[in-house]
Amino acid sequence: MKELEYLLVDEEATVEIGHKLAKVLQIMVDENGPKGLVVYLNGDLGAGKTTLTRGFVRAMGHKGNVKSPTYTLVEPYELPPWRVFHFDLYRLSEPEELEYMGIRDYFNQDCCCFIEWPEKGAGLLAKQDLTINMAYQGEQRVITFIAESAFAEQLLLSLHA
Ligand code: ADP
Ligand code: MG
């Protein structure tokens with residue numbers, strides 16, 4: 001499945017879709033072996049990118065807060081056997097800053113990377129498995145998943161089921 005779109009009626013629905021994405025990923029990895037995931041998150045400020053990531057990170061087992069890494073650029077979550085990295089590159093002044101952060105170490109088989117404002121890191125990020133576009137629809141949101149790899153196509157198929 002190449003594309004999948006949902007209306008998210010409230011914040012809880014956004015958290016829930018992040019949660020479901022994590023569960024589907026865990027099942028696929030249990031069945032097929034380790035596979036990291038790179039997700040590019042697009043959408044205006046307040047569209048729900050961090051909210052969705054919160055749902056994902058919590059479903060992976062994180063108990064505490066999930067705050068936006070607006071100033072730190074990245075927030076790591078050690079959730080064995082996973083490492084989840086939540087990037088917010090909105091304030092990145094030049095892509096080279098990512099080199100100093102050791103960005104290349106983040107794209108491994110045990111890593112899930114959720115990247116807000118990926119266009120700011122153009123040229124230095126791993127190619128995405130999944131693009132997620134989030135947009136306002138009145139008070140609600142529309143989310144579009146676009147599979148960019150065969151693995152992501154499988155993921156969307158399971159997400160849809
Ligand atoms: P972003 O990271 O894209 O800037 P945030 O996730 O930080 O956005 O903030 C999204 C805001 O919109 C939060 O105030 C959240 O409560 C709200 N929100 C999230 N999802 C929905 C939804 N489906 N419908 C209405 N409001 C939502
Ligand atoms: Mg955000």
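The exercises below work through the metal site, the ligand shell and some salt bridges of this structure.

This is a predicted model, in which local features need pLDDT of at least 70, side-chain atom pairs count only at pLDDT 80 or more, and totals for chains, interfaces and linings use all residues. Residues are numbered from 1 along each chain as its sequence is written, chains are lettered from A and ligands numbered from 1 in the order in which they are written, and side-chain values use heavy atoms, with hydrogens and water left out.

**Exercise 1.** Find which residues coordinate the magnesium ion (ligand 2).

Step 1: Look for donors, that is, N, O and S atoms within 2.8 Å of the metal (3.2 Å for Na, K and Ca), remembering that sites may look incomplete because water is not among the atoms. T50, through OG1, and E116, through OE, coordinate the ion at 2.1 to 2.2 Å.

Step 2: Helices (H or I, at least four residues) and strands (E, at least two) are DSSP runs, numbered from the N terminus.

Step 3: Decide whether E116 is buried or exposed. With 3% relative accessibility, E116 is buried, given that buried means under 20% relative accessible area, exposed over 50%, and partly exposed in between (1.4 Å probe, protein chains only).

**Exercise 2.** Describe the polar surroundings of ligand 1 by way of T51 and R141.

Step 1: Take the side chain of T51, which has an N or O atom 2.5 Å from an oxygen atom of ligand 1.

Step 2: Turn to R141, whose side chain places a polar atom 3.0 Å from an oxygen atom of ligand 1.

Step 3: Ask which elements give two or more residues to the shell around ligand 1. They are α1 (11-32), α2 and β7 (140-147), and α2 gives the most, with three residues.

**Exercise 3.** Determine which residue forms a salt bridge with D129, and where the two partners lie.

Step 1: Apply the criterion of a side-chain nitrogen of Lys or Arg within 4 Å of a carboxyl oxygen of Asp or Glu. The partner of D129 is K35, with the closest N and O atoms 3.6 Å apart.

Step 2: Locate D129 in the loop between β5 and β6 (130-137) and K35 in the loop between α1 and β2 (37-42), distant parts of the chain that are 94 residues apart.

Step 3: Compare accessibility: D129 is buried at 9%, whereas K35 is partly exposed at 28%.

Key
Polar contact = N/O pair within 3.5 Å; in protein donor to acceptor, adjacent residues only side chain to side chain.
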